Amino acid sequence: MHIRISHETRYIYDTPPKGVIQTLRLTPRNHDGQYVTHWRIGVSADCRLDRQEDAFGNISHAFTADGPFDELVVTVEGDVETRDTGGLVRDAIERFPPALFLRETPLTTADEAIRTLAQAARAQAPDNDLKVLHALLNSLNETMTFDNNPTQTSTTAAESFALKRGVCQDLTHIFVAAARSINIPARYIGGYYQRNDLIDQDAGHAWAEAYVPDLGWVAFDPTHGVCPTESHIRVAAALDYLGAAPVRGTRYGGGGEALGVTIRIEQAAMQSQN
Amino acid sequence: MSVAFDEMTLPDGSVRPAYSGLKEWLGSLPPDILDLRRREAEVIFRRTGITFAVYGEADAAERLIPFDVLPRIISKMEWETLRRGLEQRVRTINAYIKDIYGRRDILRAGIVPEDLIFQNPVFRPEMNGQKVPHDIYVHVAGIDVVRVDADTFYVLEDNARTPSGVSYMLENREIMMRLFPELFSRHRVAPVEHYADELLATLKSVAPLTSSADPVVVLLSPGIYNSAYYEHSFLADKLGIELVEGRDLLIKGEVVYMRTTEGLKRVDVIYRRIDDDFLDPLAFRPDSALGVPGLMAAYQAGNVTLSNAVGTGIADDKAVYSYMPEITKFYLGEEPILKNVPTWRCREPEHLKYVLDHLDELVVKEVHGSGGYGMPIGPRADKATIATFRAKVKSNPRNFIAQPTLALSTCPTCVDEGIAPRHVDLRPFVLTGSDKIRIVPGGLTRVALQKGSLVVNSSQGGGTKDTWVLDT
């Protein structure tokens with residue numbers, strides 16, 4: 001499928017800041033299931049974008065911009081060719097062996113309730129990690145209610161699971177924490193999700209990948225209860241949201257900041273005419 | 001437990017040569033003079049303001065670390081062995097950290113278990129594949145050494161993150177020279193006063209290759225609420241460098257600048273006394289107000305040296321400690337000069353069984369703990385404490401190691417009842433630059449002031465002594 005993405009992050013300031021510094025993880029890389037044909041990042045302020053590869057192999061851009069300015073806009077535009085691989089993620093950039101992804105982080109620490117959830121999934125197929133992960137995917141999809149009110153970016157897996165509510169980030173954290181607690185390496189993926197019913201979206205998407213011996217990394221989307229398909233565009237992989245966050249930044253001075261995110265994701269024509 | 005080795009007096013009553021001058025001098029002193037000097041020392045310390053905040057004591061935010069006026073004396077020959085052992089230890093640590101964040105040969109060779117690294121909170125994935133200037137990670141190490149007999153020194157603990165205590169080493173020497181000039185005239189004591197010059201030379205030597213011929217070095221402190229703030233300001237002053245906090249630095253285009261009254265000034269080396277977690281809210285804890293946003297990106301771009309490097313905790317973790325002899329052989333192909341204390345790793349079932357069966361004679365330590373908290377000394381612990389620890393160890397074995405109770409050596413110490421032997425350890429400071437390794441002779445001697453106590457930590461009532469390495 002050919003997917004076209006435009007993603008705008010706009011900060012509007014009541015009092016202009018003296019400067020802004022940000023790290024962006026907004027650039028997808030290729031793997032077996034996706035090929036990036038075109039991608040560009042722009043920042044409204046006058047600045048240099050320094051491109052780096054982070055420890056997980058994600059492409060990041062860092063910039064510092066001198067104010068004052070009333071608003072700051074980060075724009076991303078690109079085209080990605082995707083195909084359905086049944087959730088298998090092959091030929092992605094790997095900088096660590098799977099064992100690293102057993103590591104707990106503050107956002108993905110399994111509490112008793114999450115461990116119980118994981119063990120219940122394990123009990124359904126003691127010797128088959130793939131079945132265990134599918135059981136986990138289904139039970140999360142059933143027990144959790146999608147709700148963007150009660151949680152924030154700093155909400156932990158345990159907090160969200162106790163509420164039985166959360167957004168894709170929270171569901172992914174719970175999935176990852178549960179998998180790791182039963183010794184299955186798992187990681188957090190930040191990206192985009194193309195939907196036929198909704199072209200203009202107000203947030204990116206997140207899902208998980210887990211490592212299954214003999215298969216490799218397999219993706220699971222607990223928000224939709226499916227393995228990702230050609231509709232998922234994978235941007236960044238990390239231990240949790242913090243490592244894959246599209247934007248991490250701060251400003252010097254200024255105040256009264258309003259943030260607006262608009263993301264347009266559409267299936268493009270089979271052939272572009274240019 | 002066997003009788004401890006006393007560094008001054010042998011069991012037959014004879015005095016070891018290094019201490020003969022001290023012994024003679026003590027015999028010639030008029031009565032009460034030591035007590036007088038002791039009180040003078042305390043007055044001086046209070047006036048200079050050298051204090052130490054003790055965590056967990058609400059009523060005593062800051063207090064003096066007791067200072068003992070009798071020096072701890074090390075002979076030239078003993079120091080020579082120690083020095084070679086310390087150099088070897090720190091060369092090992094640097095080679096090991098480079099490998100852990102690089103090729104990971106030691107994991108492939110199966111010498112250190114993979115999960116001990118990857119699941120360790122002090123391992124920093126962000127450092128993976130990251131080059132650091134001159135391939136040196138630990139520029140300032142504090143290696144805690146204890147002695148059990150005339151010939152044997154053990155490394156008790158490596159401190160490869162932000163080791164503190166060197167200000168006491170320097171202050172102790174200064175005060176001793178003021179109080180007892182006649183005692184110095186009877187000995188040839190190797191100087192320590194050049195530590196600040198050595199540290200500055202080390203830090204400048206590891207500046208990024210792109211920096212100017214005279215690199216700008218700053219000391220980054222978490223601020224006045226940190227227990228070691230006194231040391232931060234003391235060292236910055238001795239080194240003649242700026243003492244800064246996170247808000248004094250900023251990043252522009254992946255370069256670090258310091259705000260000064262004359263505008264922005266580029267910074268090449270940051271001697272940071274802030275933990276990894278708080279260094280950069282854009283890379284680590286997002287709620288840290290102590291760090292510098294964007295610092296890691298500047299570091300990754302190779303534009304600044306952080307001293308010590310990020311992620312060096314993977315070398316001084318207590319669980320990793322037990323592998324140090326194998327790690328030394330792996331990288332250097334040498335036998336360790338300084339011994340490791342035999343260590344049982346509770347993560348291994350056979351070791352765990354031994355530990356649980358011998359809890360009353362072992363020292364059990366939390367793998368990630370420091371400062372002597374929650375660390376029962378087996379033979380001295382009561383039954384209830386041992387039972388509590390048994391349950392703790394059983395519930396999470398990989399969080400614990402255990403070691404035999406060592407009979408730490410003793411040194412003569414001024415206490416209420418006169419001069420009596422007290423247990424000591426030693427923290428020498430090892431500086432690793434791109435040109436060479438520098439070690440100021442001696443280090444910080446810590447002494448357990450309670451009779452029979454083996455806990456030398458200043459947070460639990462330990463004191464300090466001036467440490468003399470004799471030049472002849």
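Colleague: Which residue in β6(A) is the bridge partner of Q34(A)?
Modeller: Strands are DSSP runs of E with at least two residues, helices are runs of H or I with at least four, and both are numbered from the N terminus. Two strands pair if DSSP finds at least two bridges between them. β3(A) and strand β6 (residues 71–82) of chain A pair in the antiparallel sense, over nine bridges. Within β6(A), the bridge partner of Q34(A) is T82(A).

Colleague: What pLDDT do local features need in this predicted model?
Modeller: Residues are numbered from 1 along each chain as its sequence is written, while chains are lettered from A and ligands numbered from 1 in the order in which they are written. The model is predicted, with side-chain atom pairs counted only at pLDDT 80 or more and totals for chains, interfaces and linings using all residues, whereas local features need a pLDDT of at least 70.

Colleague: Which are the edge strands of the open sheet in chain A?
Modeller: Five strands of chain A form this open sheet, in the order β3-β6-β1-β16-β11, with antiparallel pairing. An edge strand pairs on one side only, and the two that do so are β3 (34–43) and β11 (200–201) of chain A.

Colleague: What is the radius of gyration of chain A?
Modeller: Chain A has five helices and 16 strands. The radius of gyration is taken over C-alpha atoms, and the globule rule is 2.2 Å times the number of residues to the power 0.38. For 274 residues that rule gives 19 Å, and chain A is close to it, so it is as compact as a globular protein of that length; its radius of gyration is 19 Å.

Colleague: How much of chain A is made up of buried residues?
Modeller: A residue is buried if 20 or more other C-beta atoms lie within 10 Å of its own, exposed if 12 or fewer do, and partly exposed in between, with C-beta atoms placed from the backbone. The C-alpha atoms of chain A fill a box of roughly 60 × 45 × 35 Å along the principal axes. Of the 274 residues in chain A, the buried share is 45%.

Colleague: Which residues touch the most other members of the largest nonpolar core?
Modeller: A nonpolar core is a set of buried Ala, Val, Leu, Ile, Met, Phe, Trp, Tyr and Cys residues joined through C-beta atoms within 7 Å. Two residues are in contact if their C-beta atoms, placed from the backbone, lie within 7 Å. Leaving aside neighbours within four places in sequence, A179(A) is in contact with residues including A118(A), L133(A) and A210(A). The largest core has 198 residues, and those touching the most other members are L136(A), F175(A), A178(A) and A179(A).

Colleague: Which element gives the most to the side of chain A that touches chain B?
Modeller: Here 19 residues of chain A are in contact with 21 residues of chain B. The elements giving two or more residues to this side of chain A are β2 (19–27), β4 (50–53), β5 (59–66) and β15 (247–252) of chain A. With three residues, the one that gives the most is β15(A).

Colleague: How far apart do the C-alpha centres of domain 1 and domain 2 of chain B lie?
Modeller: Domain bounds come from an automatic or database domain assignment. For chain B it gives domain 1 (17–124 + 140–190 + 320–340 + 406–469) and domain 2 (344–404). The C-alpha centres of domain 1 and domain 2 of chain B are separated by 24 Å.

Colleague: Which residue in β20(B) is the bridge partner of V447(B)?
Modeller: Strand β20 (residues 462–469) of chain B is mostly covered, with eight of its eight residues buried. Strand β1 (residues 67–74) of chain B runs parallel to β20(B), joined by five bridges. Strand β19 (residues 444–448) of chain B runs antiparallel to β20(B), joined by four bridges. In β20(B), V447(B) has as its bridge partner G463(B).

Colleague: How far apart in space are V269(B) and L203(B), C-alpha to C-alpha?
Modeller: V269(B) is in strand β9 (residues 269–272) of chain B. With 27 other C-beta atoms within 10 Å, V269(B) is buried. V269(B) and L203(B) are 66 residues apart in sequence, but in space their C-alpha atoms are separated by 6.9 Å.
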